[in-house]
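Here's a walk through one protein model, feature by feature. Have the viewer open and follow along.

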Amino acid sequence: MLKVGLIGCGFMGTMHANCYNALDGVELTAVADIRPEKAEQLADGAQIYCDGKELIENADVDVIDICLPTYLHAEYTMLAMDKVKYVFVEKPVTLTVEESEQLKAKQAETGAFVQIGQVIRFWDEYVALYDMVRSGKYGRVVNANFRRISPSPDWGWNNWLHDTKLSGGAAQDLHIHDVDYVLSLFGEPKSVSSVRNIIGEENSYVNTFMQYDTCVVTVEGTWDLPASHPFEATFRVVFEDAVVENAGGRFMLYTTDGAEEIKIEKKDLTVSGGTSGNISSLGGYFNELCYFTECAKNGTAVEKATLADAATSLKFLLTKELKSNA
Ligand SMILES: NC(=O)c1ccc[n+]([C@@H]2O[C@H](COP(=O)([O-])OP(=O)(O)OC[C@H]3O[C@@H](n4cnc5c(N)ncnc54)[C@H](O)[C@@H]3O)[C@@H](O)[C@H]2O)c1
């Protein structure tokens, strides 16, 4: 049985706990949160710690999963790498490029495997799209649009998500999902430009345009919608010979022969997410933690959504994208 220690039992920690509970051969044996009631909600027999450092120092665990607010990722990931060989950290990997470079140096020193929660790399429709692009089945991609729009996140502990100095705002917290995915599909573009709507000190709307030799990609992200608006993560990819669209709960293929729904076999797993968050399915969260725990159980290298991948995406977002905005 793989013993998991979970640090941070808020919105994402709850999602991860649900995934671990659904995974075979995995047991959540330690949980930590500075709000004891949050840790208690997820414990179900696990040892409770009132701070992440206490868990890292004392818990008997094989892997550590860090679901803390972003500004705490670097400090706790450093400590976790000294304790265990397998560490999972939520996205964005860190708040700054310097911190993620420090984590990479620590990883080289300890030999730890670190996976980052760039979850859409594991989301079924996005995995299917990745395979279509790689196979060349419908020719090359001509243009693509990725969109992630959300009500304002209101669940964060002490409202940390709305303090850009702690979360990086919508660009770093939300938009990074699609930017990371586009980089995984096509690599770095030859040029990039990005506009942001900054209200007060917070960026809440971002639109990024990435130009490649043979295609153009636009990526839109916002979290300034009212609570009544549903969360939406969509894409439309135009290939030479087909259009693939994931929107409105339908994953469609359009060709000159007509339109058809692309069927993906889904695991029948749904949870509430435990808080007022907007995610209703374990979907990619289950897939990414299934991959992570299988690596840990088998003692194999983490090769997907690695620390290095996430550090590259963060660097791109914080340097290239911002620079072009200056
Ligand atoms: N992959 C995704 O789709 C996704 C979605 C939402 C959030 N996230 C990421 O997950 C991370 C956590 O976000 P969240 O929405 O769960 O935030 P949250 O505020 O709901 O949860 C954070 C939890 O950490 C606890 N905490 C704070 N300091 C602590 C400490 N020192 N030791 C132990 N616990 C401590 C808080 O009490 C809180 O319960 C962030 O990095 C966020 O960007 C990822």
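A residue counts as buried if 20 or more other C-beta atoms lie within 10 Å of its own, with C-beta atoms placed from the backbone. Keep that cut-off in mind for this predicted model. In a regular strand the side chains alternate between the two faces of the sheet. Strand β5 (residues 86–89) shows both of its faces covered. Tyr-86 and Phe-88 are buried on one side, and Val-87 and Val-89 are buried on the other.

Which strand does β5 pair with in the parallel sense? That's strand β4 (residues 63–66), with four bridges between the two.

## The eight-stranded sheet

Now for the big picture of the other strands. An open sheet is built from eight strands, in the order β8-β9-β10-β7-β11-β12-β13-β14, with mixed pairing. The edges are β8 (191–199) and β14 (258–261); each has a single partner strand, so one side of each is left without a neighbour in the sheet. From one strand to the next, the twist averages 10°.

β8 and β9 run antiparallel and are joined by nine bridges, with Arg-196 standing opposite Val-206 in β9. These two strands form a hairpin with two residues between them, and Gly-200 in the turn has a positive phi of about 65°. Further along, β7 and strand β11 (residues 232–239) are also antiparallel, joined by eight bridges. There, Ala-144 has Val-237 in β11 as its bridge partner.

## Helices on the sheet

Helix α6 (residues 124–135) lies across β7, β11, β12 (243–247) and β13 (250–255), and runs at about 170° to β12. Helix α8 packs on the sheet too, where it touches β7, β8, β9 (202–211) and β10 (216–225). The direction of α8 makes about 160° with that of β10.

For a residue-level view, pick Leu-174, which sits in helix α8 (residues 169–186). Is Leu-174 buried or exposed? With 26 other C-beta atoms within 10 Å, Leu-174 is buried. Leaving aside residues up to four places away in sequence, Leu-174 touches Arg-148, Ser-150, Gly-221 and Trp-223. Val-206 is 32 residues from Leu-174 in sequence, yet their C-alpha atoms are 9.5 Å apart in space.

## Two helix pairs

Two packed helices are described by the angle between their axes and the distance between the axes. Take helix α1 (residues 11–22) and helix α9 (residues 283–298): their axes come within 9 Å and cross at roughly 60°. That makes α1 oblique to α9, and the crossing is right-handed. On the α1 side, the contact is made by Met-15, His-16, Cys-19, Tyr-20 and Ala-22; on the α9 side, by Tyr-285, Phe-286 and Leu-289. Sorted by class, this contact of α1 with α9 has seven nonpolar residues, one polar and no charged ones.

The other pair is helix α4 (residues 73–83) with α5, whose axes come within 10 Å and cross at roughly 0°. Angles under 35 degrees count as roughly parallel, and α4 and α5 are therefore roughly parallel to each other. From α4, Ala-74, Thr-77, Met-78, Met-81 and Asp-82 meet Glu-99, Gln-102, Leu-103, Lys-106, Gln-107 and Thr-110 of α5. The residues in the contact of α4 with α5 split into four nonpolar, four polar and three charged.

Most residues other than glycine have a negative phi, and most peptide bonds are trans. This model has some exceptions to check. Lys-91 and Pro-92 are joined by a cis peptide bond, with omega about -15°. Pro-92 lies in the loop between β5 and α5 (97–110).

Then look at the loop between β7 (141–151) and α7 (164–167), where Asn-158 is found. The phi of Asn-158 is near 55°, a positive value in a residue other than glycine. Asn-159 is in the loop between β7 and α7 as well, and has a positive phi of about 55° although it is not a glycine. Are these asparagines buried or exposed? Asn-158 counts as exposed, with 9 C-beta neighbours inside 10 Å. Asn-159 is exposed too, with 12 other C-beta atoms within 10 Å.

Note on methods:
Residues numbered from 1 in each chain as written. Predicted model: local features only at pLDDT ≥ 70, side-chain atom pairs only at ≥ 80, totals over all residues. Axes fitted to C-alpha atoms, helices over the stretch in contact; angles between N-to-C directions. Parallel < 35°, antiparallel > 145°, perpendicular 65-115°, else oblique. Left-handed = near helix turned anticlockwise from the far one by under 90°. Contact = placed C-beta atoms within 7 Å. Nonpolar A, V, L, I, M, F, W, Y, C, P; charged D, E, K, R; others polar. Pairing = 2+ DSSP bridges.
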